[in-house]
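Hello,

Here is the structure for your files. My notes on the two ligand sites follow it.

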2 protein chains.
Amino acid sequence: MGSATERRGIPDATVTRLPEYLRALTSLADTGVTSVSSEELATVVGVNSAKLRKDLSYLGSYGVRGVGYDVTHLSDQISSALGLTRDQAVAIIGMGNLGRALAAYNGFASRGVEVVALLDHDPAVIGSRIAGLTVEPVADLPRITSEREVTIAMLATPAGSAQEVADLVVAAGITAILNFAPTSLELPADVQVRKVDLATEVQILAFHAQQSRLGGLPAEPVLTEAVQ
Amino acid sequence: MGSATERRGIPDATVTRLPEYLRALTSLADTGVTSVSSEELATVVGVNSAKLRKDLSYLGSYGVRGVGYDVTHLSDQISSALGLTRDQAVAIIGMGNLGRALAAYNGFASRGVEVVALLDHDPAVIGSRIAGLTVEPVADLPRITSEREVTIAMLATPAGSAQEVADLVVAAGITAILNFAPTSLELPADVQVRKVDLATEVQILAFHAQQSRLGGLPAEPVLTEAVQ
DNA sequence: AATACTTTGTGCCTTCGTTCACAAGCCAGG
DNA sequence: CCTGGCTTGTGAACGAAGGCACAAAGTATT
Ligand SMILES: NC(=O)c1ccc[n+]([C@@H]2O[C@H](COP(=O)([O-])OP(=O)(O)OC[C@H]3O[C@@H](n4cnc5c(N)ncnc54)[C@H](O)[C@@H]3O)[C@@H](O)[C@H]2O)c1
Ligand SMILES: NC(=O)c1ccc[n+]([C@@H]2O[C@H](COP(=O)([O-])OP(=O)(O)OC[C@H]3O[C@@H](n4cnc5c(N)ncnc54)[C@H](O)[C@@H]3O)[C@@H](O)[C@H]2O)c1
């Protein structure tokens with residue numbers, strides 16, 4: 001119960017859930033709800049309510065006992081904890097199939113993410129307009145980064161170029177990368193990297209699918225915890 | 001050290017790493033490497049070597065002390081544990097920006113994933129050809145599922161339709177879903193769901209970016225563990 | 001055959017995360 | 001003002017995951 005929002009040490013597991021809570025709260029607010037109990041919010045998000053409360057307690061939240069949480073206030077608290085007081089300026093690098101889809105995605109704006117630059121190295125692509133932005137050469141990344149205060153790069157280049165491009169990104173002063181290329185990047189420890197690898201996701205699903213196939217017959221207690 | 005590969009109870013954390021190992025091994029095999037030590041493989045993937053060895057031990061692996069692991073044999077072991085002995089047949093539902101990018105993605109084939117159907121409900125899209133496949137109506141999902149033995153569905157519809165479509169998917173007999181819509185699905189407990197939410201990923205990065213910005217000044221020991 | 005060297009597989013301890021369960025605190029209603 | 005009923009915030013128990021460190025088990029060398 002420290003002074004304020006910025007206590008060092010929100011657990012990683014909590015941080016990964018905060019965006020989920022925020023999304024659920026935004027959606028509740030849109031439907032006119034002004035107050036939620038931890039129980040209600042927890043079922044919406046699909047987590048245990050005690051976990052939810054503990055998560056919120058890390059940001060020194062202001063729930064009211066017997067009542068619940070004020071939706072807008074809690075949203076603000078979470079936004080602030082996540083550093084979303086200002087929109088995050090994002091650059092997308094590699095304007096192929098995936099890069100174009102990302103650029104065209106209109107789900108970012110409402111969640112504090114603004115795409116401010118599209119980059120590629122292919123002269124055939126540079127200069128074309130995609131989703132209201134003009135594709136620029138990667139060579140301009142340092143200038144673009146400082147001019148538009150880019151904080152996050154999305155890497156959508158082929159795996160072969162990913163490391164090389166990541167190095168450029170870091171050299172340009174960006175310290176957070178969302179990597180879509182199926183390769184692990186070797187970068188300084190102060191650079192945050194998150195990876196989205198679809199084939200990996202599918203393979204994890206394949207494992208579980210196989211499990212239920214195998215486990216289906218040997219009459220196992222199927223553990224039907226209702227998600228209701 | 002049980003009889004074989006199919007021991008019940010590979011930890012979840014291990015399962016999520018197995019695809020990474022498999023990818024690294026495939027890439028090593030491509031460059032002609034036939035044998036790796038846990039140390040080498042671990043640095044490629046970016047994990048602790050003891051963790052790697054423990055992970056492999058869950059599949060009753062056959063490493064050779066003093067030598068390491070046979071690359072192709074280990075690949076087979078992992079593939080088998082993951083249930084990739086046959087390609088996973090995947091259906092993509094919702095052929096918008098993202099669905100098209102997924103359909104055009106050529107990185108699946110080499111990793112045991114085959115896209116066998118593209119579905120939408122929009123008559124304007126149905127019938128068009130994308131990446132060699134014809135878009136079919138969602139109404140045909142049950143037939144398509146049984147005919148082509150679809151095991152996994154990728155949901156790329158707007159968030160508003162996601163639950164509804166997911167219900168159809170389950171009704172068609174599919175028990176594994178990769179959900180790209182930013183919403184949590186409520187489904188029977190025996191259906192495996194994994195979610196890919198890009199805005200969430202960005203927000204997590206935003207948090208860490210903020211942390212290093214705040215922590216940057218108060219002279220903290222930056223913990224530069226070399227990923228080498 | 002014996003010795004030196006390498007690398008696995010794993011027991012054990014530590015750290016992190018989850019869940020339970022309940023006292024503390026707040027509101028509403030009489 | 002006081003009582004009853006909810007819901008929060010959190011201590012404590014539990015469980016999962018991570019990592020160290022070393023015996024066990026193999027290869028290579030003499
Ligand atoms: N398409 C998908 O749905 C999908 C899904 C999962 C992962 N991915 C991954 O995302 C990445 C991109 O996929 P894609 O299908 O869009 O590929 P793509 O080939 O369509 O596009 C790649 C783009 O990156 C550009 N590029 C290449 N090297 C570059 C460099 N050094 N600097 C700047 N730009 C460069 C190319 O000019 C091209 O425009 C790949 O790593 C792929 O594995 C794609
Ligand atoms: N575009 C991206 O890069 C991106 C990134 C992250 C997440 N997403 C998410 O992925 C989903 C799709 O995004 P998008 O940009 O491709 O949207 P989109 O609007 O371009 O495409 C949606 C497609 O789904 C189809 N559809 C709608 N309702 C359907 C139904 N009931 N049954 C079958 N098909 C239906 C539509 O006809 C359309 O073709 C959204 O939920 C979005 O939030 C997209």
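How many nonpolar, polar and charged residues does the shell around ligand 2 have? The shell has 14 nonpolar, 6 polar and 3 charged residues (nonpolar: Ala, Val, Leu, Ile, Met, Phe, Trp, Tyr, Cys and Pro; charged: Asp, Glu, Lys and Arg; polar: the others, Gly among them).

This is a predicted model, in which local features need pLDDT of at least 70 and side-chain atom pairs pLDDT 80 or more, while totals for chains, interfaces and linings use all residues. Residues are numbered from 1 along each chain, chains are lettered from A and ligands numbered from 1 in the order written, and side-chain values use heavy atoms, without hydrogens and water.

Ligand 2 lies between chains A and B. Around ligand 2 are 23 residues (a heavy atom within 4 Å), and those that come nearest include A:Tyr105 and B:Asp120. Polar contacts (N or O pairs within 3.5 Å) include one from an oxygen atom of ligand 2 to a polar backbone atom of B:Thr157, at 2.7 Å. A nitrogen atom of ligand 2 is 3.2 Å from a polar side-chain atom of B:Ser161. Alone, ligand 2 exposes 820 Å², and the protein buries 85% of that (Shrake-Rupley, 1.4 Å probe). H7(B) gives the largest share of this shell, 4 residues (helices are DSSP runs of H or I, at least four residues, numbered from the N terminus).

Ligand 1 also lies between chains A and B. An oxygen atom of ligand 1 is 2.6 Å from a backbone N or O atom of A:Thr157. H7(A) gives the most to the ligand 1 shell, with 4 residues.

Regards

Conventions
Polar contact = N/O pair within 3.5 Å; in protein donor to acceptor, adjacent residues only side chain to side chain. Helix = DSSP H or I, 4+ residues; strand = E, 2+ residues; numbered from the N terminus.
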